[in-house]
Amino acid sequence: MSDLLGYIVTGLGIGAGFALVASGLVAIYRVTRVVNFAQGAFAVLAAMLTASLLGSGVPHGVAELGGVALGAITGLLVGVVAIGRPGTSPGTSLIVTLGLGVLAYAIEILIWGDQPRSYPGVPGVAEVGGARLQAHYLLIVAVTGPVFAVMAWFFARTDLGKALSACASNRYAAQVVGIDVRRMGLLAFAIGGALGGLAGVLTTPVQQVTFDSDVALIVNGFAAAVLGGLTRPGVALAGGLLLGVAQTLVAGYGGGAYQVEVALVLMLTVMIVQAARTGPVAETAR
Amino acid sequence: MKRLGFGVLALLLVALPPLLPERHLATFVLLTLAAAVTVGVSLLMGYAGQVSLGQASFYAIGAYTAGLLAVHGTPPLLGLLAAPVIAAVAAVLLGAPLLRLRGHHLAFATLAVQLILLSLLAQADWAGGAIGLQGIPRFSVGGFELRNDLGYAYLSCGVLAIALLVARNVVASRAGRGLRAAATSEVAAAASGVAVGGYRLAVFALSAAFAGLAGGVYAFYLGYLAPGSFPVLLSIEYVVMAVVGGLGTIAGPVVGATVIVLLVQVLNTLGTQPGMPDYAPTVLNYAVYALLLVVCVLFLPKGLVPALDRVRRGSLDKARSIR
């Protein structure tokens, strides 16, 4: 029984990382209709910078903030390239972000090499209801919860957040009332970058990061986000946590070998069911 | 004009391999195989309007089919013929549910399929597991065995020629017209009686068959297969080649693959010069793919071949107007 509880809390920690990546995807997709393939790269870049900063003596907290800031800046840059040119269709932007994700590999290897990196997080072992697990997982959960709460407040209560939501629900109407849709898109990319960066910074102490960890992150993040049709952050959070718990349970009881497949098969099933519901022909309104 | 292009290409494919030094012959083989896979990707993206980020999985399926059959004593020719068939069957089975998806959903679904395949292959002891499948015999027909690279160069040329020929005929056929119509507007095409779903599945299977056939040759050429030989990046490379060359053109995949492989080769030589850091080749490699893809998609959205066509036609027009 205490095993089960341990797996669940660990899974929530891992899932919180997925949820952050997913919410970044959702933040960008809602406003720009672009699925950002470089979302995993934000996490990797942020984690790598944090590792370097910590290594050169910068205290905890500042180093992590530096990582998140790098994520946000990278997000903005990716946004500029992906949607900066007027008339770029979302499909084209997807391919552009794919290219930028590969470009991030080159930059990461150039600066940090191709070896896995990590840094110490919250030390020690925590006990939850008799189950022992790495204390850092509790930190991940403890940070992710408030972040989602702040996001909900931001999108619903502030002017800027409302403007973003307006772009998400109707671009044309948003333009008519004087919202600069392109600038909002870039802002969304920066927010997405910061969220991706936060995911990388938080999970690196328990999962080493290499330049190509972004594939696993983006696939899991997309799997979480797709549950809510890529537009609902709340569902993305639930999806991420569900994925994390499902993977740890499979790893814990079924032997670790098949935990990758869990996320992927779940994602495929969800997408196929969604497609079956909306019908085979999905012509987008223009 | 089209005929001429094909003639020149055929002549090049026949005449070039013996002239190449041994160390470049390996590049030539891999280049032609990549071009053959890219023909399928281009057909899928250009005519069926679908992005596949998992084309390397069909390459892997073909390679493992040929490799496993040959290791267990099946004649290599049979193994090579089975490779595209098994790849196409896999594509039909996967495509039936997956091709309901569109755009980014399909891109992620194909990517997921490849990740699942790689993970399963790494755990499959009967396929060599993570260490890989070793001891694949060389390709042979009857008693004649292909030993040197030159033979494989011609074999892969044959594969590319088949892929190009089939692709050209499909495009020119009734089904090809239906597909092009469906890529512009699915509803309109379906309303005009195009069996959109069926055609799309057929193209998916066809592109998988090309990849499978190329993978079969790859298995015999290298004699060793591992899940690590088919990374996700390989799938992305095929997309880059297709996009750079020009989607929906027949010559595009060949041009795209050639340009990229040659560029990567030049940069590799540059990166391995004494004095360069040891990570230089990898970095340059990634950077080339990334920058080419981004620049092409943003500034040459139709790819190199149509762009060159336009330039040539433009200069012809100018010459005429002067006269």
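UniProt positions are given here in the numbering used for this model, feature names are shortened, and annotations may be inferred rather than shown by experiment. With that in mind, the unreviewed UniProt entry lists "transmembrane region" for residues 6-29, 41-59, 65-83, 95-113, 133-156, 184-202, 222-245 and 257-276 of chain A.

A quick word on conventions. Residues are numbered from 1 along each chain as its sequence is written, and chains are lettered from A, with ligands numbered from 1, in the order in which they are written. The model is predicted: local features need pLDDT of at least 70, side-chain atom pairs count only at pLDDT 80 or more, and totals for chains, interfaces and linings use all residues.

**The two chains**

Helices (H or I, at least four residues) and strands (E, at least two) are DSSP runs, numbered from the N terminus. A residue is buried if 20 or more other C-beta atoms lie within 10 Å of its own, exposed if 12 or fewer, and partly exposed in between, with C-beta atoms placed from the backbone. Here is how the chains look in those terms:

Reading from the N terminus, chain A goes α-α-α-α-β-β-α-α-α-α-α-α-α. The radius of gyration is taken over C-alpha atoms, and the globule rule is 2.2 Å times the number of residues to the power 0.38. For the 286 residues of chain A, a compact globule would come out near 19 Å, and the chain has 19 Å, which agrees. Chain B, with 323 residues, has 20 Å, in agreement with the value near 20 Å for a compact globule.

Two residues are in contact if their C-beta atoms, placed from the backbone, lie within 7 Å. Among contacts in chain A between residues at least 6 apart in sequence, 76% join residues at least 24 apart. For chain B, the figure on that basis is 76%.

**Inside chain A**

Residues 6-29 of chain A are 100% helix and 0% strand, with end C-alpha atoms 34 Å apart. The span 184-202 of chain A is also 100% helix and 0% strand, and its end C-alpha atoms lie 27 Å apart.

Arg33(A) deserves a look. Arg33(A) sits in the loop between α1 (2-32) and α2 (39-55) of chain A. Most residues other than glycine have a negative phi. Arg33(A), not a glycine, has a positive phi of about 65 degrees. Arg33(A) counts as buried because it has 21 C-beta neighbours inside 10 Å.

**Inside chain B**

Helix α3 (residues 55-71) of chain B has 17 residues and reaches 24 Å from first C-alpha to last, close to the 24 Å expected at 1.5 Å a residue; the expected span is 1.5 Å times one less than the number of residues. Since 16 of its 17 residues are buried, α3(B) is largely enclosed by the rest of the structure. After α3(B) comes Gly73(B), with a positive phi near 90 degrees.

Tyr152(B), in helix α6 (residues 149-172) of chain B, counts as buried, with 26 C-beta neighbours inside 10 Å. Not counting residues up to four places away in sequence, Tyr152(B) touches Val29(B), Leu146(B), Val217(B) and Tyr221(B). Its C-alpha is 9.1 Å from that of Leu25(B), 127 residues away along the chain.

Asp125(B) belongs to the loop between α5 and β1 (140-141) of chain B and counts as exposed, with 8 C-beta neighbours inside 10 Å. The C-alpha atoms of Asp125(B) and Leu43(B), 82 residues apart along the chain, are separated by 35 Å.

**Where the chains meet**

In total, 36 residues of chain B are in contact with 36 residues of chain A. On the chain B side, α5 (103-123), α8 (186-191), α10 (232-245) and α12 (280-299) each supply at least two residues. The largest share, 12 residues, comes from α5(B). By class, that side has 26 nonpolar, 7 polar and 3 charged residues; Ala, Val, Leu, Ile, Met, Phe, Trp, Tyr, Cys and Pro count as nonpolar, Asp, Glu, Lys and Arg as charged, and the others, Gly among them, as polar.

Leaving aside neighbours within four places in sequence, Leu293(B) is in contact with Ile95(A), Leu98(A), Gly99(A), Val240(B) and Val243(B).
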